[in-house]
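The tour below goes from one selection to the next.

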Amino acid sequence: MTILTFTLILLGGAFLAGLLGSLTGLGGGVVIIPLLTLVFHTDIRYAIGTALIAAIATSSGSASAYVKEGITNIRLGMFLEIATTTGAVAGALLAVYMPTSVVAVIFGLVLIVSAVLSFWPKGNHLETTDKSQLAQQLRLNGQYPTPEGMVNYKVRHVPGGYLMMTLAGVLSGLLGIGSGALKVLAMDNMMKVPFKVSTTTSNFMIGVTAAASAVVYLQRGYIDPGLCLPVVLGVLAGALGGTKILAKANTRMLRVVFGVVITLLALQMIYNGVTGKL
Amino acid sequence: MKRLLSRKYWEDKDVEVLLGTLLRYGVILSSIVVFAGGIIYIIRHGHEMPEYRDFAGPNNRWDNLPAIMRGVFLGHGREIIQLGVVLLIATPIARILFSVFAFTVEKDYLYIVITLIVLGVILFSMLGGLGG
């Protein structure tokens, strides 16, 4: 296979990854790593570097649409970015010392957890009583527009959410993924932020978190231009197409299929990691 | 200009829309650069074989900005792609810088400090010799 064929096939694969990633909310990066390692037999370190760049591209690309709706909690995002960026730097450092087979197994496990979480019923919390003094002092409470007008919401369990975000950052730096599912889990289930706000705030944070470990990866040679070329362009085009379809189609069936595919890929990654093939 | 410096302006949702626009232009610009570099790369190397099976470690042609810029001025495809990638990484960092400015105009000292901490962590990972 020449570089031309390789680039074109990967461009198509990245387009599909971006499309499915945005339709299911899992992000394009999670499919890029199995695609590169299992299908193209790329070293997992190149795959991780490339996926991280794809995560930044999709996060920044879709942020402009979200920010306009005015539901992103910028203060909450900024405060939690302290946790995710320190975690991401730690994760990127950890990646040097960890054998690639262990990284593959952890990736597989995180992928399965993310897939399961994306199917978990989303309760739409609305906490209106001020229970966290810390949230008040940090001015994390906010409001968001609903059909019934602006609604005020309060944030809870700030230290727990912060710790969870640190973990999300470590995984992001170690595996080259946006860890969007974990970020939403921290804000949604722990901090009781309304689902719409947590989803968009998580997306807002992914780019900054990924940038913190991307600068380390760049110096280490994980980020290869020959791979970034098809992946960045493909994932961006796919994500763009995904948001267009999302407005119209019923994605329930697609989500189920994608969830099954993701789980199979994850199992394959774990198997290859355990048998030392990655 | 007077409007830009007024506190009211920055408290508006306009700031957020501006942030979103900044991110979008960053992404558009970097895609164009990646695409341009990609054309050169494919024309010159399209017939060669891809080598990604084994990790080769840092490549001193594109693991630091000065080297990337040298390659860009020589018209090398892969360095131009990498410049696009660097622009993509720089986009969220630019957003942080922009937020420091926005919080300063709002006189929100707590969040100026929080934003500067985030910026500090990123600068540390950039310049702290973590490349190994």
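The model is a predicted one.

**Stop 1: chain B**

Colour chain B by secondary structure. It has 6 helices and 0 strands, and along the sequence the pattern reads α-α-α-α-α-α. Of its 132 residues, 33% count as buried. Among the contacts in chain B between residues at least 6 apart in sequence, 60% join residues at least 24 apart.

**Stop 2: where chain A touches chain B**

Now show both chains and select the residues in contact across them. Chain A gives 53 residues to this contact and chain B gives 57 residues. On the chain A side, at least two residues come from each of α1 (3-24), α3 (44-69), α4 (74-97), α9 and α10 (225-246). That side of chain A holds 32 nonpolar, 15 polar and 6 charged residues.

**Stop 3: the largest nonpolar core**

Select A:I32, A:I53, A:I56, A:A211, A:A214, A:C228 and A:V232. In the largest nonpolar core, which has 113 residues, these touch the most other members. Helix α9 of chain A (residues 195-220) supplies the largest share of this core, 13 residues. In soluble globular proteins, nonpolar side chains tend to be buried together.

Next, centre on A:I56. Which residues does A:I56 touch, not counting those up to four places away in sequence? In chain A they are A:G207, A:A210, A:A211 and A:A214, and in chain B they are B:L88, B:I89 and B:P92.

**Stop 4: α5 and α7 of chain A**

Select residues 100-119 (α5) and residues 158-175 (α7) of chain A; the two axes come within 11 Å and cross at roughly 130°. The crossing of α5(A) past α7(A) is left-handed. Show side chains for A:V103, A:I106, A:F107 and A:V110 in α5(A), which meet A:L171, A:L174 and A:L175 in α7(A). The residues of this contact are 7 nonpolar, no polar and no charged.

**Stop 5: α2 and α11 of chain A**

Move to residues 29-39 (α2) and residues 252-274 (α11) of chain A, where the axes come within 10 Å and cross at roughly 50°. That angle makes α2(A) oblique to α11(A). Here too the crossing is described as left-handed, with α2(A) passing α11(A). A:V30, A:P34 and A:L38 of α2(A) make the contact with A:I262, A:L265, A:Q268 and A:M269 of α11(A). By class, the residues of this contact divide into 6 nonpolar, 1 polar and no charged.

Technical notes
Residues numbered from 1 in each chain as written. Chains lettered and ligands numbered in written order. Predicted model: local features only at pLDDT ≥ 70, side-chain atom pairs only at ≥ 80, totals over all residues. Core = buried A, V, L, I, M, F, W, Y, C linked by C-beta atoms within 7 Å. Buried ≥ 20, exposed ≤ 12 C-beta atoms within 10 Å, placed from the backbone. Helix = DSSP H or I, 4+ residues; strand = E, 2+ residues; numbered from the N terminus. Contact = placed C-beta atoms within 7 Å. Axes fitted to C-alpha atoms, helices over the stretch in contact; angles between N-to-C directions. Left-handed = near helix turned anticlockwise from the far one by under 90°. Nonpolar A, V, L, I, M, F, W, Y, C, P; charged D, E, K, R; others polar. Parallel < 35°, antiparallel > 145°, perpendicular 65-115°, else oblique.
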